[in-house]
Amino acid sequence: MTSEATVKPSRGTLQQHPLQAIGLMMGAVFMLSSMDVAIKLLVEHYGRFQVVLLRSIVSIPLFAGWILLRDRTLFRTAYPGGHLIRGLVGLTMLWTVGECFRELQLADAYAIYFAAPLLLTLLSGPILGEPAGFMRIIAAVVGFAGVLVVLQPQGDQWITYGAAMGLLGVCFYAVSTLLLRSMGQRDRTVTIAFWFATVVGLGAAVMAIPGWKAIDPTHWLTIGALGVTGTVGQLLITAAFRKASIAVVAPFDYIHMFWAVLYGWLFWAHIPSTRTWVGGAIVVASGLFIIYRERRRSLRASQQAAMEPVDP
């Protein structure tokens, strides 16, 4: 078998390994959910840009060390301008995430962010030429309906400051992910992750240093967890979107809800309501449906390939 370190996607060709991508995405969701807990804990004491900078201070050396151990040419990128744009978009996204997490419970914040997979599923066709297909779109819509069951939006719940920041974050996340999928044609996973962290860190430093607050020594463990989970999560999610289309990978963002429920109970004693469990069941069902369809598609493709005659 050939490792990812020695295989580069051909120019203009996007990899399609849906089952691998789904597994990577599920791992990324766990790591990024853990990172979000650290963010929510830290934004209670520090500014949002300072928290973003602290994450970058931990993660950039980890990315750089990985590259130095494997192949220094991985610092090179075919998309310098793309990384600059994506980093600035990501910086703004992370700021809105901090604002949203400061105002809302994790489960409610995620319920808003779960509009992102639906948006990505719809945009991946016209922008990247990766049409989702009718059944995937239906599955994404059903999953989003489960999110609405959890959130139960009514009245002014959609226009609070925290909700508005969440909706802005959805838009920035969608743009960042579309850029990631496009750059995955020629740049490697760790290259994309390193330059994202670097641009975000530099931008956060400019915004955070004027209002810097001294670090409480009791927070260093949380800061370390923030950096490590963010680093691993970024690597996993970057790899996931390089290995399959957005329409396949994006719906698995919905698994965030289960970690939000668990962490909300462990850290803030927030007990989920009945509608949270009902909505969560709908979300899981939509994700399992996509896995089932992808498995069937893979099996059919393998059977067809095995039946094709081999040229002498």
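The legends below accompany several close-up views of a predicted model.

**View 1**
Of its 312 residues, 49% count as buried, and among contacts between residues at least 6 apart in sequence, 89% join residues at least 24 apart. The mean pLDDT of the chain is 80, with 83% of the residues reaching 70 or more. Confidence is lowest in helix α5, residues 115-128, where the mean is 69, and highest in helix α8, residues 189-208, where it is 91. Over residues 1-13 the pLDDT stays under 50, and for this stretch the model has 18 contacts beyond four places in sequence.

**View 1. The largest nonpolar core and a second, separate one.**
The largest nonpolar core has 72 residues, and among these Met25, Phe101 and Tyr173 touch the most other members. Helix α1, which spans residues 18-42, gives this core its largest share, namely 11 residues. In soluble globular proteins, nonpolar side chains tend to be buried together.

**View 2. Tyrosine 173 and the residues around it.**
Tyrosine 173 lies in helix α7, which runs over residues 161-183, and it is one of the residues that touch the most other members of the largest nonpolar core. With a relative accessible area of 16%, tyrosine 173 is buried, because that value falls under 20%. When neighbours within four places in sequence are left aside, tyrosine 173 is in contact with Met25, Met93, Ala116, Leu120, Ile237, Phe241 and Asp253. Tyrosine 173 and leucine 94 are 79 residues apart in sequence, while their C-alpha atoms are 9.1 Å apart in space.

Aspartate 253, which is among the residues in contact with tyrosine 173, is found in the loop between α10, residues 246-249, and α11. Its relative accessible area is 8%, and aspartate 253 is therefore buried. Phenylalanine 114 is 139 residues away from aspartate 253 in sequence, yet the two C-alpha atoms are 6.9 Å apart in space.

**View 3. Threonine 96 in helix α3.**
Threonine 96 has its place in helix α3, which covers residues 80-103, and its relative accessibility of 1% is the reason why it counts as buried. A polar atom of the threonine 96 side chain lies 2.6 Å from the backbone oxygen of methionine 93. Not counting residues up to four places away in sequence, threonine 96 touches Tyr113, Met165, Leu168 and Gly169.

**View 4. Helix α4, a mostly covered helix.**
Helix α4, made up of residues 106-113, is mostly covered, with 7 of its 8 residues buried. The buried residues in α4 are Leu106, Ala107, Ala109, Tyr110, Ala111, Ile112 and Tyr113. Tyr113 is also one of the residues that threonine 96 touches.

**View 5. Helix α11 and the residue just after it.**
Helix α11, residues 256-268, has 13 residues and reaches 17 Å from its first C-alpha to its last, which is close to the 18 Å expected at 1.5 Å a residue. Its buried residues are His256, Met257, Ala260, Val261, Tyr263 and Gly264. Just after α11, alanine 269 takes a positive phi of about 55°, and the place of this alanine is in the loop between α11 and α12, the latter covering residues 274-307. Most residues other than glycine have a negative phi. Alanine 269 counts as exposed because its relative accessibility is 58%.

A search of the whole structure finds 0 disulfides.

Definitions and conventions
Residues numbered from 1 in each chain as written. Heavy atoms only, no water. Disulfide = S-S within 2.5 Å. Helix = DSSP H or I, 4+ residues; strand = E, 2+ residues; numbered from the N terminus. Buried < 20%, exposed > 50% of the residue type's maximum accessible area, 1.4 Å probe, protein only. Polar contact = N/O pair within 3.5 Å; in protein donor to acceptor, adjacent residues only side chain to side chain. Contact = heavy atoms within 4.5 Å. Expected span 1.5 Å × (residues − 1). Core = buried A, V, L, I, M, F, W, Y, C linked by side-chain atoms within 4.5 Å. pLDDT = per-residue confidence, 0-100.
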